Amino acid sequence: MRVLLIGANGYLGRFVADRLLADPAVQLTALGRGDDADVRFDLATGSPGALTRFLDAVHPGVVINCAGATRGGARELTRHNTVAVATVCEALRRSGCGARLVQIGCGAEYGPSQPGSSTAEDAVPRPGGPYGVSKLAATELVLGSGLDAVVLRVFSPAGPGTPAGSPLGRLAEAMRRAMQSGDGELKLGGLGAQRDFVDVRDVARAVHAASLSAAQGVINIGSGRAVRLRDAAAVLARVAGYAGALHELDGPPGPLRAAIGHPRTDPDHAAPVAYPYPDGCGSWQQADVRTARDRLGWRPRINLEESLADIWMEAACRI
C-alpha cells in the first residue's frame, strides 16, 4: 500500500510516520514544508493543480493529512486548517489515483459539552474558538467532497513530543523550573478543566487502522474518560518526584499537596504559574469512543500515567 503522509514532521505526524514505517506492507512518501520531507509542498499556498500532478505521479492508495496549525489568529488558522484541506480535497477529486483520505480532526470541533456526558459523533458541533471553527470547516469540506474519506476527531493528545506550549507541556515545564530552583510550591491555573487525554501513540494506531479500513464519516479518538487537570498535575508531580505543594489559583483555597513536603514561604521567590486550558471547550470534554471500537477495531492501550511520565522525561532533559 502506497501512502502519502502530509504533515509527517508535526506532533501527531511523527508518530503516524513511525507507525506506518513499521508496517512492511506500506510504502510511505512524506509531503510537507520542511527540508526533510520527501516532497516540499505548502498546502496553504500551493495550488490544487500542482498537488494533483504529484498525486497522479505517485498514485497513492491512501492520503493521510496530519498537517495544520493549533495557534495563531483566525486568519492563520483558517489558512492552515481549512484552505489547506480544501486544496487536498480538490486535488484528490481531480486526480485519477482514487486515493482514500484520512483527515485528522479534533475534539475542539464539538466545543463545550455537558459535564458528565460522553460526546458521540452525532453531537451537533458548536466550537468555542477559532481553532475549533477552522477544524470543523475542514471536516465539513471532507464530508461534502464525495471522496472515500474518514475524519478522526482526536480529543486531547498527550505523551512524548507534547508541545511545551500545550497545557500539559506548560505544566511539566513549570514543575521542572520549580524543582530546578528549589521552589516548594507551584501556582497553577485552569486545573478545574476536565479533558479526555489520549496517548499520541494510540492516535497513530488509530490512523493506521483507519487507513486500512473502509470506514467513512467521523470517528472519535479518545480514551473515553475525562480527567481533571488537577488530577493530571498530581500524577505528574508523583512521576517527577516533586515533593512540594500545588496551589490552585482558580480552585478551592489552600494548597493541593502533590506529595509529602512543605511549601516554600520565602516571599522573595516567585513561583512558576501555569495557565488555563485554551481550547474553547469549557470545563468538560469526554469522547464516546464506541464507533472507533466497532468500525476500526481500535481501543486505547496507553494509560495517562505512562503518557505523563514520557512528558516529564522530555521536560526534565531540557536545560
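Let's start with Leu296, which lies in helix H8. Helices here are DSSP runs of H or I with at least four residues, strands are E runs of at least two, and both are numbered from the N terminus. One thing before I go on: this is a predicted model, so local features need pLDDT of at least 70 and side-chain atom pairs count only at pLDDT 80 or more, while totals for chains, interfaces and linings use all residues. Residues are numbered from 1 along each chain as its sequence is written, and side-chain values use heavy atoms, with hydrogens and water left out.

Okay, back to Leu296. Is it buried or exposed? Leu296 counts as buried because its relative accessibility is 12%; the cut-offs are under 20% relative accessible area for buried, over 50% for exposed, and partly exposed in between, using a 1.4 Å probe and protein chains only. What does Leu296 touch, leaving aside neighbours within four places in sequence? Its contacts (heavy atoms within 4.5 Å) include Leu152, Ala206, Ala210, Ile219 and Ile221. There's also Leu212, 84 residues away along the chain, with its C-alpha atom 8.8 Å from that of Leu296.

Now the wider picture. Leu296 is among the residues with the most contacts inside the largest nonpolar core, along with Ile64, Leu152 and Ile221, and that core has 33 residues. By nonpolar core I mean a set of buried Ala, Val, Leu, Ile, Met, Phe, Trp, Tyr and Cys residues joined through side-chain atoms within 4.5 Å. Several elements supply at least two residues each, among them strand E1 (2–6), helix H1 (11–21), strand E6 (149–154), helix H6 (200–212) and helix H8 (290–296). Which one gives the largest share? That's H6, with seven residues.

Not counting residues up to four places away in sequence, Leu152 touches Val102, Ile104, Ala206, Ile221 and Leu296, to name some of its partners. Apart from this core lies another one, of 29 residues, including Leu31, Cys89, Ala91 and Ala99.

On to charges. How many salt bridges are there? The count comes to 15, taking a side-chain nitrogen of Lys or Arg within 4 Å of a carboxyl oxygen of Asp or Glu. One of them joins Glu173 and Arg176, with the closest N and O atoms 2.7 Å apart. Both sit in helix H5 (residues 167–181), three residues apart, about one turn of the helix. Glu173 counts as buried because it has 14% relative accessibility, and Arg176 is buried too, at 10%.

Another bridge pairs Arg290 with Asp288, at 2.6 Å between the closest N and O atoms; Asp288 is buried, with a relative accessible area of 11%. Then Asp294 and Arg293 meet at 3.0 Å, N to O. Asp294 is exposed at 56%, whereas Arg293 is partly exposed at 33%.

Last, the confidence. On pLDDT, the predictor's confidence in each residue from 0 to 100, the protein chain has a mean of 90, and 91% of its residues reach 70 or more. Where does it stay under 50? That's residues 252–275, for which the model has 54 contacts beyond four places in sequence. Where pLDDT is low, the predicted coordinates should not be read in detail.
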